[in-house]
Amino acid sequence: MDAATQKPENVASAPVAVAPAIHIAPAPHLFGGVLTTRRMMVDVLLALVPVLVASLWMFRLYTVLQLAICMVSALVAETVFTKMRGRRPTLGDGSAVVTGAILAFSLPATAPWYVGFIGAFVAIGLGKIVFGGLGQNIFNPAMVGRAFVLIAFPVAMGASAYVAPTAGLDGLTQATPLTALKMLGQSTGLLPLFLGTTNGSLGETSALACLIGGLYLCARRTASWEIPAAAILAVAAISGLLGVLGPRTGWTLFHDLSGGAFLFGAFYIATDPVSSPLTPKGKWMFGAGFGALVMLIRRMSGYPEGVMFAVLIMNALVPLINRWAIPTPVGGPVPVKKTA
Amino acid sequence: MIATVPGKQGSGRFARGVHPPERKGFAAEAPIEVLPNPPQVAIPLLQHTGAPCEPLVKVKDEVALGQKIGEGKGFITAPVHASVAGTVAMPSVTTLPNGRHVRTIPIKTGPTQLSAEELKANLFGGDWPVSGLDSQAPEQIAQAAREAGLVGLGGAAFPTHVKLTRNEKRPVDTVLLNGCECEPYLTSDYRLMIEFPRPIITGALLAARATGAAQIIIAVEDNKPAAVEALRRAADGTGVEVRVMETRYPMGGERQVIPAALDREVPTGGLPLDVGVVVINVGTAAALAAAVLRGRALTHRVVSVTGAGIAQPKNLLVPVGVSYRGLIDFCGGLKPDAARVIAGGPMMGFALNDLNVTVTKGTSGIVVLTHEDLKQIEETTCVRCGRCVDVCPLHLVPTRLALASRYQDWDMARRYHLMACCECGCCAYVCPAAIPLVQLMRMGKAQLPNE
């Protein structure tokens, strides 16, 4: 059918005019070239810069330390596991660095070194490599690693782990805003939540930083805007409704949006293309489900925050969502007779 | 004679698609030149979609320019004609750019030929009537198109008389002339629209007369303002309307240009006829006018020879059956950094490994790309970024279709509407992982078992 199946019979006997080596390949012969997988990963790292700045400002050296531990561990894990599988090294695609960075930003500042180390190995190994590497994983690798260390080291990762009065940083002296709300019924001001002068995981505190980086990702189309948009709408709707039904003093839907890891999750984690749906319709469903689950876990469960589990649960639903969201082609479905 | 039908007008756009660099500049300003007659032409007996022709001539027969030398049986076929005057040589088999092996009739060019000026004047020049065409019976127009071996010159080479034959059950209200030329590089339709708009308009009026259409629209992309102006001037007072479309690939596809120009959606697996439209390329319209009013068979066509890898990009009026090498040599040959020779445009054309293939009625251009144009990146795994979904003009999910084709999962292929794919290549153009999506889907379409 196509040119690639032709026998190259006359090339050798061609006169001087065709001395240039011409070769064949299937159409299209042009390539957009704007984007490669690697460039997408670089985009994510660039988008994390505002988060990094906010985190450095708030948690100082702890940020550097956790990032170093997680990123190096992720790279080592990637190298070791791809070697074990006898594959070519895949460090160049940049995905391991991104996984390490996302994991680090989701940890408490004072988490012991082995938490990040083990988390990164589980993220890469169990989260990605066992499924067949990049592109094959069902769950977001960083969230798999974080879920593992949360359950394995409840003392180092639980709500109490975030409070470290001896660390010498102001931010670490109080409970995280969502824990304070859940356990003590205390609300945090909107401005601290928005700017990020509160306690929390390294990357989650500043809603502003997450918005800046997240909008960059969406503008680059590295992240699909539909997912954070749907998630924000879902959280706003549910939180707004709950606020009407049973108001809490000093806590509005804007607090729910800026508090905890919601925006970090909505922009950086839920948008991981590998573990999210393919079509715009599916992305809306995925984002809305993610937002709804975040609110469900925040209000109904024992955990103060639900981003991680919301992402993992929605990841598991992606094959189903993909099936629900198959778009109808322009002109309607293929008529059964015509395909025959 | 033409009344405007009060109907919906499209927005000039279609959803999704891509905008590759246009690169029309290589040959956009090169006027159509007549290629000197080659010493020999080889006329393939199958240059169209449909049944192949059987030869009507024997070895050593003398043939005249435009003489019918092959005729097919059935409705969907088109005869072939001698594109030079000369002597029939021993029939052989040639490989077309699409890889098909077809029988050909070679003709050795004789001493007496039309001069370049005569040829050009005969095909496109002189006066073209825009009134009084009612005297042509609709059946006669379709018959003349068939006798002239007219096929779609846009690339698919579907026999034109089939489109022009009236069907009681499916009336046609609109003739849509396709002057979009959405493939990058190609400029043959553009030059024709600028230099010879009058036969295009006359051809459009004849097509409307044949089909009974009351509305005639010419769709041209907005990157060709000179063509729009030339056509509008030529169409003044005829009722033919020129509509400007957004420059977006694949605007030239029927399933894109009909919604964009007329706000009608062609059903999947159906034809433009299902929504009362007949789509004809502008070059075909000009050839129709020459066939009906001057009795000229389709023996010549305009071909762009362009790209950074060709010494002197040109637009040539060439006889059907000349070899690609003949055209490339006339344009100064390939440059040293030429890397790929493409039959057709760079988005859907076929790469050639051999320049001794013949130009057929469907050849719209030869594009020569350089190493620099062909950024080769290695295929990596799909990260499901969904960019292919974002650009597919038919709203398919190419990555799933390619996966289904690769692993022959026909249930999944059907669930995701594999057969609706038009192979335009937008998905592969944007894929960050450089997955050969189109190739995989074509493979899948060819292998998809019957239900």
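Which strands form the open sheet with mixed pairing in chain B, and in what order?

## The six-stranded sheet of chain B

The order is S1-S15-S14-S18-S16-S17, and these 6 strands form an open sheet with mixed pairing. Strands here are DSSP runs of E with at least two residues, helices are runs of H or I with at least four, and both are numbered from the N terminus. Two strands pair if DSSP finds at least two bridges between them. The edge strands of chain B are S1 (32–34) and S17 (350–352), each pairing on one side only. From one strand to the next, the twist averages 30°. Angles run from 0 to 180 degrees between N-to-C directions, and axes are lines fitted to C-alpha atoms, for helices over the stretch in contact.

S1(B) and S15(B) run parallel and are joined by 3 bridges. Glu33(B) has Leu316(B) in S15(B) as its bridge partner. Helix H1 (residues 116–123) of chain B packs on this sheet, where it touches S1, S14 and S15 of chain B. The direction of this helix makes about 125° with that of S1(B).

## How to read the model

This is a predicted model: local features need pLDDT of at least 70, side-chain atom pairs count only at pLDDT 80 or more, and totals for chains, interfaces and linings use all residues. Residues are numbered from 1 along each chain as its sequence is written, while chains are lettered from A and ligands numbered from 1 in the order in which they are written.

## Strand S14, an enclosed strand

Strand S14 of chain B covers residues 300–306. Is it enclosed or open? All 7 of its 7 residues are buried, so the strand is largely enclosed by the rest of the structure. A residue is buried if 20 or more other C-beta atoms lie within 10 Å of its own, exposed if 12 or fewer, and partly exposed in between; C-beta atoms are placed from the backbone. In a regular strand the side chains alternate between the two faces of the sheet. From S14(B), His300(B), Val302(B), Ser304(B) and Thr306(B) point one way. Arg301(B), Val303(B) and Val305(B) point the other way.

S14(B) has two partners to look at. With strand S15 (residues 314–319) of chain B it pairs in the antiparallel sense over 6 bridges. There, Val302(B) stands opposite Leu317(B). With strand S18 (residues 365–370) of chain B, S14(B) pairs in the parallel sense over 3 bridges. Here Ser304(B) has Gly365(B) as its bridge partner.

## A three-stranded sheet

Chain B also has an open sheet of 3 strands, in the order S3-S5-S6, with antiparallel pairing. Strands S3 (53–55) and S6 (80–81) of chain B stand at the edges with a single partner strand each, so one side of each has no neighbour in the sheet. Strand S5 (residues 68–72) of chain B pairs with S6(B) over 2 bridges. Across this pair, Lys68(B) stands opposite His81(B).

## Chain B as a whole

Chain B has 14 helices and 18 strands. Its radius of gyration is 21 Å, close to the 22 Å that the globule rule gives for 451 residues, so chain B is as compact as a globular protein of that length. The radius is taken over C-alpha atoms, and the rule is 2.2 Å times the number of residues to the power 0.38. The C-alpha trace of chain B spans about 60 × 55 × 45 Å along its principal axes.

Of the 451 residues of chain B, 60% count as buried. Two residues are in contact if their C-beta atoms, placed from the backbone, lie within 7 Å. Among contacts in chain B with a separation of 6 or more, 73% join residues 24 or more positions apart.

## Where chain A meets chain B

In chain A, 52 residues are in contact with 69 residues of chain B. Helices H1 (37–47) and H16 (336–339) of chain A are the elements that give two or more residues to this side of chain A. H16(A) gives the most, with 3 residues.

## Helix H6 of chain A

Helix H6 (residues 141–152) of chain A has 12 residues. Of these, 9 are buried, so H6(A) is largely enclosed by the rest of the structure. Met143(A) and Leu150(A) are among the buried residues. The cover over them includes helices H4 (95–105) and H15 (307–324) of chain A.

Definitions and conventions: The expected span of a helix is 1.5 Å times one less than its number of residues.
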